Amino acid sequence: MVLSSSSSSWLLSSLALFLVVTAGRSQLSPNYYHQSCPKLPFIVKSVVQSAVSKQPRLAASILRLFFHDCFVNGCDGSVLVDDTGSLKGEKTAAPNNGSLRGFEVIDEIKSKVEAACPSLVSCADILTIAARDSVLLLGGPNWEVKLGRRDSKTASFNDANSGVLPRPSSSLDTLISLFQAQGLSVKDMVALSGGHTIGKARCISFRDRIYNETNIDSLFAKAKQMNCPRSSGSGDDNVANLDIQTTNYFDNSYFKNLINKRGLLHSDQVLFNGGSTDSLVQTYSQNGNAFNCDFVAAMIKMGDIKPLLAPNGEIRKNCRRVN
Ligand code: HEM
Ligand SMILES: *[C@@H]1O[C@H](CO)[C@@H](O)[C@H](O)[C@H]1NC(C)=O
Ligand SMILES: *[C@@H]1O[C@H](CO)[C@@H](O)[C@H](O)[C@H]1NC(C)=O
């Protein structure tokens, strides 16, 4: 069939309209701030770099903030919002209370970004870039992040407490289904768990494992018991490295530890305990490049969880408060 000129021009104009509408809806893209805020990547990197050089653990804390942001209603900066009289946010929900850290680094980035490009860059995007830079600074892989998320106008204690976030006591089946619920595969889940190659956990998160479990190296368990008393309440906040050898270095030793029954959390060791994920753990323990590759792919997928796009959401002026 030959199109008449009027129907082909109708087609062209509807195509143009479609392009305008989808551009207006602004899907995530690496170039999102190239024109509007070219200094953005440099500002983020320099603040993260100076924070992490003073305290390497902050890299781990920022990576975890990104994960906990994305799993609760998508990557929308909601985890950064402070409680107010009328809003109970995510910070004191069980998986977060007394445990999330690094907020000051995000605040410092935000104030420098606001000075350079006012009301343009979301806190959610700042956290996305900062998490990537954190991994890179500790010797991990580099990747291009997608940007253009907007910030939530709210935050929810109940949503963060509802069980969407995994617990250190979670079983393998629970981990698989919690990640699957976010559109993340078993492979994504195992690769992302490799985030525990950096940072620390509190005694309260691993006490049951080091006193009660049998799939644990006994010397490792004894060493951890020295700084984590059996009776609950005492020493709850004492910390231990998630990766016994190189907790300030992003590498694949987390998976080597699992093979040696030296996973610190119950939820770590379930990945190598005779179940369906053993072979992936084996692969990553032997092949750091395979781990890096799958980790990067999974971080990008995690960053794609329910993006809040214009015209929804807002660009917060202060990451701790909705405008
Ligand atoms: C698979 C399910 C996961 C569980 C059950 C889990 C649980 C935990 C727990 C209990 C802690 C210690 C919290 C504390 O005691 O204060 C922790 C720390 C940490 N998690 Fe996870 N996590 C999981 C997945 C992830 C993912 C996907 C990432 C990022 C890719 C991640 C990154 C981290 C980091 C970097 C730390 C150390 C934070 C710091 O030192 O401040 N975790 N995680
Ligand atoms: C959070 O932790 C603090 C300090 O341990 C505690 O006083 C507070 O009750 C906790 N909040 C919630 C909501 O559990
Ligand atoms: C270990 O298991 C025992 C028996 O189930 C339980 O009473 C105890 O609270 C558990 N935790 C620790 C740290 O011993």
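The questions below go from the whole chain to its ligands and then to two local features.

Modeller: Before we start, this is a predicted model, in which local features need pLDDT of at least 70 and side-chain atom pairs count only at pLDDT 80 or more, while totals for chains, interfaces and linings use all residues. Residues are numbered from 1 along each chain as its sequence is written, chains are lettered from A and ligands numbered from 1 in the order in which they are written, and side-chain values use heavy atoms, with hydrogens and water left out.

Colleague: What radius of gyration does the chain have?

Modeller: The radius of gyration is taken over C-alpha atoms, and the globule rule is 2.2 Å times the number of residues to the power 0.38. With 323 residues, a compact globule would come near 20 Å, and the value for the chain agrees with that, being 22 Å.

Colleague: Which element gives the largest share of the shell around ligand 1?

Modeller: Helices (H or I, at least four residues) and strands (E, at least two) are DSSP runs, numbered from the N terminus, and the chain has 14 helices and 2 strands. The largest share of the shell around ligand 1 is 6 residues, and the element that gives it is α3.

Colleague: Why does ligand 1 lie between two domains, and which are they?

Modeller: Domain bounds come from an automatic or database domain assignment. Ligand 1 lies between the two because both give residues to its shell, and they are domain 1 (40–165) and domain 2 (172–301).

Colleague: Which side chain has a polar atom 2.9 Å from a nitrogen atom of ligand 1?

Modeller: A residue is near a molecule if one of its heavy atoms lies within 4 Å of it, and of the 26 residues around ligand 1, those that come nearest are Arg57, Ser61, His196, Arg202 and Ser205. An oxygen atom of ligand 1 is 2.7 Å from an N or O atom in the side chain of Ser61, and an oxygen atom of the ligand is also 2.7 Å from a polar backbone atom of Arg202. The side chain with a polar atom 2.9 Å from a nitrogen atom of ligand 1 is that of His196.

Colleague: Which residue has a side-chain N or O atom 2.4 Å from an oxygen atom of ligand 3?

Modeller: The residues around ligand 3 are Arg207, Asp208, Tyr211, Asn212 and Arg230. A nitrogen atom of ligand 3 is 3.2 Å from a side-chain N or O atom of Asp208, whereas the 2.4 Å distance from an oxygen atom of the ligand belongs to Asn212.

Colleague: Which residue is joined to Ala310 by a cis peptide bond?

Modeller: The omega angle of this bond is about 10°. The residue in question is found in the segment after α14 (288–303), and its name is Pro311.

Methods:
A polar contact is a pair of N or O atoms within 3.5 Å; within protein, one must be able to donate a hydrogen and the other to accept it, and residues adjacent in sequence count only if both atoms are side-chain atoms.
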